[in-house]
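Subject: Handover of a structure

Hello,

I am passing this structure on to you.

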Amino acid sequence: MRLSGGRARAARGWLLPLQLALGEVRGHFLRSVVTAGAVFLGVGALLVLNSLSRGMEDQNRAMYLRMGGAQILQASPARSIDAFQDAQFARSQGLRLSDVAALRDRLPVFDAWVPEIDLDRGSIKLRGQRVFAFGAASTWRRFEVLGMEIDTAVDLGESRWESGEALAVVGPRVVERLGGREGALGKEILVADRPVRIAGIFKVESSFDRRSREVAVPLSWYRRVRGIADPPLGSLRARVSDLSLVAQATEDLRVAFLAIHRGVPDVDVSDNSDLLENSQKTLLTMRVVTWMIALVSLLSGGIGILNVQLSSLAARVRLIGTTRALGAPSVLVFRQVLLESLLVATAGGVLGCLVGLVPSFIPAGAMPWQPRLTFADLAVAVALALGVGVSSGLLPAFKASRLDPVEAMRA
Amino acid sequence: MSPTGSILETSALHKSYRMGREEVPVLHGIDFSLEPGDFGAIMGPSGSGKSTLLNILGCLDRPTRGEYRIEGRQVSGLSEDELADLRSERIGFVFQSFQLLPRLNLFENVELPLRYLGIPKAERRRKVSEMMERLGIGDRGKHVPAEVSGGQRQRAAVARALVKDPAILLADEPTGNLDSTTTAEVLDLFDQLNREGNTILLITHEAEVASRARRRWKILDGRMEEIA
């Protein structure tokens with residue numbers, strides 16, 4: 001008797017089962033494609049939704065930083081919630097420009113104050129037609145504090161702005177009808193039924209940026225043309241000089257408002273961290289939903305593969321029995337059937353990854369935010385696909401490897 | 001090789017199956033041996049136990065009682081893995097319905113047992129080519145089983161069984177699915193292989209097929225006797 005031990009070598013290898021598995025997958029191409037479809041959908045959905053939520057997160061963070069990050073506090077008129085508050089608010093003047101001077105003296109911890117008046121949207125017109133835009137009258141400092149960059153300007157500067165000239169800095173989409181940036185400069189636009197000269201265009205990263213539809217005019221001009229010395233404000237932003245003082249400064253600002261408004265709580269004070277926190281919560285919810293969708297798809301994909309593999313096993317019991325009779329070790333049969341599942345799941349996963357990458361290649365500015373994927377996202381997606389392949393292939397592989405050759409060949 | 005020189009040797013071999021609470025005997029004390037270079041045939045009607053005996057001789061099944069030796073090695077005490085090793089290296093099977101793998105071409109089908117044995121590619125290719133040439137199907141290697149005739153399929157199945165140079169070729173109704181012309185062709189091939197020194201044992205229910213063998217046994221109701 002001579003036993004070469006070659007079987008042990010063959011049993012240790014993965015090449016032969018891989019080739020046999022590839023042949024089986026290729027032989028049932030349509031079935032394999034359909035089976036891989038569910039994994040493809042799961043991985044694709046996971047990556048697409050993940051890239052979108054990452055893009056949103058990036059945009060929120062950028063916006064947060066542009067708005068001065070955690071150092072900016074915002075005061076805005078409070079809304080009364082009952083008759084008692086109505087009566088209280090009637091005793092106060094509300095948030096007004098004169099508050100700025102009073103606060104500046106009391107609170108040296110703030111190094112910048114930005115009063116802002118929201119303009120009536122219907123009051124912005126171009127060539128006699130209303131323009132969809134967000135209007136704001138404010139000081140020159142607003143551009144610096146809120147990180148608003150102006151990339152095209154003519155005869156524009158702080159002194160002109162603060163002296164009350166009829167100027168406007170607008171977003172690029174506001175002046176689309178005037179032939180773009182260069183064509184729009186120097187042209188007139190109507191704000192509050194008064195002509196103002198377009199002296200600058202905001203720099204925006206995408207046409208979905210809110211600033212692409214903004215019209216900013218000098219607060220001093222607005223006060224002059226409206227004849228209001230102490231206009232009510234839409235908001236008042238204040239920058240804390242030191243990040244470590246934000247908590248105390250927030251409390252100080254609330255107290256100061258109460259003091260100058262005769263104890264009437266008619267102004268709400270908030271910081272940008274609330275904004276970031278809220279958007280992070282929304283994103284977290286989106287992430288959870290994304291994962292739920294992906295996991296359900298992948299689970300159904302796994303069940304699909306399991307079902308197909310079990311049916312396929314039943315259909316080729318005889319062939320498996322033959323290979324066992326010819327000397328195929330049970331470990332080889334196990335690997336072949338496992339690899340079949342793995343190949344199908346991997347194919348679905350790779351296609352899903354390719355589709356999932358598509359949004360990341362969309363040119364910047366074509367979407368409200370730039371989708372982004374990380375290598376870890378791809379690695380997790382591939383690992384999930386492989387996990388589905390392995391977990392759905394284990395049972396059929398085990399059953400196939402345990403088939404009794406005699407019984408199998410009788411089937 | 002065994003001290004007696006036999007390739008296969010059984011002694012008081014019994015096999016029974018349990019059906020519910022009942023024990024159904026299939027083989028009753030089979031004493032049998034096959035010498036190197038023998039061409040034997042076991043004849044018997046359906047249900048006589050001949051397939052059960054072939055499965056035991058081919059190490060696909062185990063006897064309930066009795067002894068079985070291949071080349072002198074006691075088989076009864078071997079584990080499943082050892083039986084599989086024995087099957088892989090020392091026994092060549094030819095099945096009634098060819099049992100070629102439909103997705104592999106004839107060359108790959110014949111090559112398969114050598115791949116299970118872990119034989120290097122170049123040696124594998126040489127052995128397969130030689131065997132296919134020897135069996136007259138050297139030019140059909142690239143065809144899948146569905147593209148060749150029944151006789152060519154059976155030749156491929158024989159090539160697959162012989163390519164690993166087994167101690168014995170076991171054939172289970174090798175002509176059962178063939179027409180008379182192809183049957184004669186396959187039996188001529190077995191004759192030729194036996195003349196070349198291969199030990200062959202086939203089972204059949206056809207006396208005409210059995211008559212081509214040099215030794216014949218008749219099995220009936222689980223008992224076997226050699227026919228002179």
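Predicted model: local features only at pLDDT ≥ 70, side-chain atom pairs only at ≥ 80, totals over all residues.

Residues are numbered from 1 along each chain as its sequence is written, chains are lettered from A and ligands numbered from 1 in the order in which they are written, and side-chain values use heavy atoms, with hydrogens and water left out.

Domains of chain A

Chain A is assigned domain 1 (6-63 + 278-410) and domain 2 (79-265); the bounds come from an automatic or database domain assignment. Their centres, taken over C-alpha atoms, are 54 Å apart. In contact (heavy atoms within 4.5 Å) are 4 residues of domain 1 and 4 residues of domain 2. The two domains bury about 290 Å² between them, 61% of it from carbon and sulfur atoms; buried area is the accessible area (1.4 Å probe) that two parts lose on being put together, summed over both. Between these domains there are 0 salt bridges, a salt bridge being a side-chain nitrogen of Lys or Arg within 4 Å of a carboxyl oxygen of Asp or Glu.

Chain A against chain B

Here 31 residues of chain A are in contact with 34 residues of chain B. The buried area is about 2800 Å², with 56% given by carbon and sulfur atoms. There is 1 salt bridge between the chains: it joins the side chains of A:Glu24 and B:Arg103 at 3.8 Å, N to O. Polar contacts link 4 residue pairs across the interface, both residues at pLDDT 80 or more. On the side of chain A, two or more residues each come from helix H1 (6-12), helix H2 (15-27), helix H12 (317-326) and helix H15 (405-410). H12(A) gives the largest share, 7 residues. Helices (H or I, at least four residues) and strands (E, at least two) are DSSP runs, numbered from the N terminus.

Sheets of chain B

One open sheet has 4 strands in the order S2-S1-S4-S5, with antiparallel pairing; two strands pair if DSSP finds at least two bridges between them. Strands S2 (22-34) and S5 (73-74) of chain B are at the edges with a single partner strand each, so one side of each has no neighbour in the sheet. Strand S4 (residues 65-70) of chain B pairs with S5(B) over 2 bridges, and B:Arg69 is opposite B:Gln74.

The other open sheet has 6 strands in the order S6-S7-S8-S3-S9-S10, and its pairing is mixed. Its edge strands are S6 (91-94) and S10 (223-227) of chain B, each pairing on one side only. Strands S7 (residues 168-172) and S8 (residues 200-204) of chain B run parallel and share 4 bridges; B:Ala171 has B:Leu202 as its bridge partner in S8(B).

Regards

Note on methods:
Polar contact = N/O pair within 3.5 Å; in protein donor to acceptor, adjacent residues only side chain to side chain.
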